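Subject: Structure handover

Hi,

Here is the structure I promised to pass on to you. Please have it open while you read, as my notes follow below.

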Amino acid sequence: MTIEPSIPPPGGIVIGASMGAIEALSEILPVLPEGYPLPVLVVVHVARDRKSGLPELFANRCRIPVKEAEDKEPIQGGVIYFAPPDYHLLVENDFSLSLSNEEPVLYSRPAIDVLFDSAADAYGDRLVGIVLTGASTDGAKGLRAICLAGGKALVQDPETAAGQTMPLAALDLCPDARSLRLDEIAAILSADIVDILK
Amino acid sequence: MSSEVSETEKIELSLFLEAIYRKYHYDFRNYSPASLKRRLAQAKDHFGCESYSQLQHLALHDSTMVSQLLPFLTVQVSDMFRDPEYFRAIREKVVPHLRTYPSLKVWVAGCSAGEELHSLAILFREEGLESRTIFYATDINTEALKKAESGVYDLNRIALFTENHRKSGGKSSLSEYYTTGYGRAKFDQSLRERTVFSDHSLVSDAVFAETHLISCRNVLIYFNRELQNRVVGLFHESLVRRGFLGLGSKESLRFSSLADRFSEFDLSERIYQKEGEGV
């Protein structure tokens, strides 16, 4: 198979979620319209020794393609990629994906911080990072890296989250992050996304 | 981080890798940059350096540093019978083919501390193939190779190893293969008697033997596409016609330039078979 040279995409979206992830993602991902311009990379904390089933679950609910991320795969706009269980997911500067088997971060593999850090490096200010519900503090440092690189940070309003620890930790480390309800996040991603990256 | 800072850091990282290569001949220049950068950031913090330039200075002027850096540059995370279904597929699908050969050579490439080697040695013993097999266990990290050669693992890992072995279709009890003491388990020397341990780099060294099975799990993910192609080329050269290549559960030949030289023998367990030429 030939690999087309990567054309710098208009930007990217990265999402991290843990406890209560499926319910939260169900309010966001199915709203994304056909022909969506940006790739959506998602880390959900899942048990290590089984199939996550997340790509299959969301493929049935979403209007844009959903798949498990593969190593060295070129990132395409309009596709939702889930990190596979037991591997970290990273974005390379040539906008391809890498997987890694390195030690868990904050007991998690995949870890949200690992995806967010590498995506901030690759996309710079053309990135939106979103931290949703969860009972860990994973994602906070990564979201800070996104803010420092000039990207946008959205956090699920802790009051509305099944697990408040993760959004609280993210808001704590990222004063610029906006705290929003899930329907507000969905509205921003589906309607204004190209505007907010301008 | 402002883009100017990150641009400077990019230059420093690339110079660091060049320095390690020129001085010590360890070539990490074609490793996947995103995870390599993460590990080097950990090394920078570990050695109390402000920048990669400072780390480079240390590495160049203190030759004992390189062995301390290798654990950061390489990744050594594995378990015995990790992904039990992979070993089940080797046992149930690959072994019947291997039985047809009077003698066998198996290469565990990037063997790290030897978990995969011991898994295969036990599997081959259970299947009655051990006595006709020579194993090659290679890695660039000589400290890891020493660990592999010692066959000693922390006792707290044994429960997982045992569970994995059972799930893989193990025909014996794992406890037959080790003795315990001082919080550690030592695997029987006889499991390694037919193994050649060798310092070998997939990046820069050549093929050293004709092999029937190569198991190389969670190594290719740390390489960029170009280096992956080189390494898959090495494997292709080493394998006999219709020899087997086993990769990690999230690795594939899909994005490799040599994909068409292999057939998908068991795609779900990422076991490939070299195509027979002219067949």
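One definition before anything else: two residues are in contact if their C-beta atoms, placed from the backbone, lie within 7 Å. Please also keep in mind that this is a predicted model.

With that cut-off, A:Ser179 is in contact with A:Val155, A:Asp157 and A:Leu171, leaving aside its neighbours within four places in sequence. A:Ser179 sits in strand β9 (residues 178–180) of chain A. Its surroundings hold 17 C-beta neighbours inside 10 Å, so A:Ser179 counts as partly exposed. From the C-alpha atom of A:Ser179 to that of A:Leu168, 11 residues apart along the chain, the separation is 9.5 Å.

**The sheet of chain A**

Strand β9 belongs to an open sheet of seven strands in chain A, with the order β3-β4-β2-β1-β7-β8-β9 and parallel pairing. β3 (66–68) and β9 of chain A are at the edges with a single partner strand each, so one side of each has no neighbour in the sheet. From one strand to the next, the twist averages 20 degrees. Within this sheet, five bridges link β1(A) and β2(A) in the parallel sense, and A:Gly16 is placed opposite A:Val43 in β2(A).

Two helices are worth a look here. Helix α5 (residues 165–173) of chain A packs on the sheet and touches β7, β8 and β9 of chain A; its direction makes about 145 degrees with that of β8(A). Helix α4 (residues 140–148) of chain A lies across β7 (127–131) and β8 (152–156) of chain A, and it runs at about 155 degrees to β7(A).

**The annotated site**

Which residues does the UniProt annotation "active site" cover? According to that record, an unreviewed entry, they are A:Ser18, A:His45 and A:Asp138. They are spread over 121 residues of sequence, yet they cluster in space, with a largest C-alpha distance of 9.6 Å.

A:Ser18 is found in the loop between β1 (12–17) and α1 (21–26) of chain A, while A:His45 is found in the loop between β2 (40–44) and α2 (54–59) of chain A. Are these two residues buried or exposed? A:Ser18 has 25 C-beta neighbours inside 10 Å and therefore counts as buried. A:His45 is buried too, because 27 other C-beta atoms lie within 10 Å.

The contacts tie the site together. Not counting residues up to four places away in sequence, A:Ser18 touches A:His45, A:Thr133, A:Gly134, A:Ala135, A:Ser136, A:Asp138, A:Gly163 and A:Met166.

**The hairpin and the chain contact**

Chain A also has a hairpin made of β5(A) and β6(A), with five residues between the strands. In it, A:Phe95 takes a positive phi near 60 degrees. The two strands run antiparallel and are joined by four bridges, with A:His88 opposite A:Ser100 in β6(A). Both faces of β6(A) are covered: A:Leu97 and A:Leu99 are buried on one side, and A:Ser98 and A:Ser100 are buried on the other.

The contact between the chains takes 24 residues from chain A and 20 residues from chain B. On the side of chain A that touches chain B, β5 (88–91), β6 (97–100) and α3 (112–123) of chain A each supply at least two residues. By class, that side of chain A has 10 nonpolar, six polar and eight charged residues.

**Chain B**

Chain B is divided into domain 1 (3–73) and domain 2 (84–274). The centres of these two domains of chain B, taken over C-alpha atoms, are separated by 29 Å. Eight residues of domain 1 of chain B are in contact with 11 residues of domain 2 of chain B. The side of domain 1 that touches domain 2 in chain B has three nonpolar, four polar and one charged residues.

Chain B has an open sheet of three strands as well, in the order β3-β5-β4 and with antiparallel pairing. β3 (152–154) and β4 (178–181) of chain B stand at the edges, each with a single partner strand, so one side of each lacks a neighbour in the sheet. The twist from one strand to the next averages 25 degrees. Three bridges pair β3(B) with strand β5 (residues 184–187) of chain B in the antiparallel sense, and B:Asp154 stands opposite B:Arg184 in β5(B).

Best wishes

Definitions and conventions
Residues are numbered from 1 along each chain as its sequence is written. Chains are lettered from A and ligands numbered from 1 in the order in which they are written. This is a predicted model: local features need pLDDT of at least 70, side-chain atom pairs count only at pLDDT 80 or more; totals for chains, interfaces and linings use all residues. Domain bounds come from an automatic or database domain assignment. Ala, Val, Leu, Ile, Met, Phe, Trp, Tyr, Cys and Pro count as nonpolar, Asp, Glu, Lys and Arg as charged, and the others, Gly among them, as polar. Two strands pair if DSSP finds at least two bridges between them. Axes are lines fitted to C-alpha atoms, for helices over the stretch in contact, and angles run from 0 to 180 degrees between N-to-C directions. UniProt positions are given in the numbering used here, feature names are shortened, and annotations may be inferred rather than shown by experiment. A residue is buried if 20 or more other C-beta atoms lie within 10 Å of its own, exposed if 12 or fewer, and partly exposed in between; C-beta atoms are placed from the backbone.
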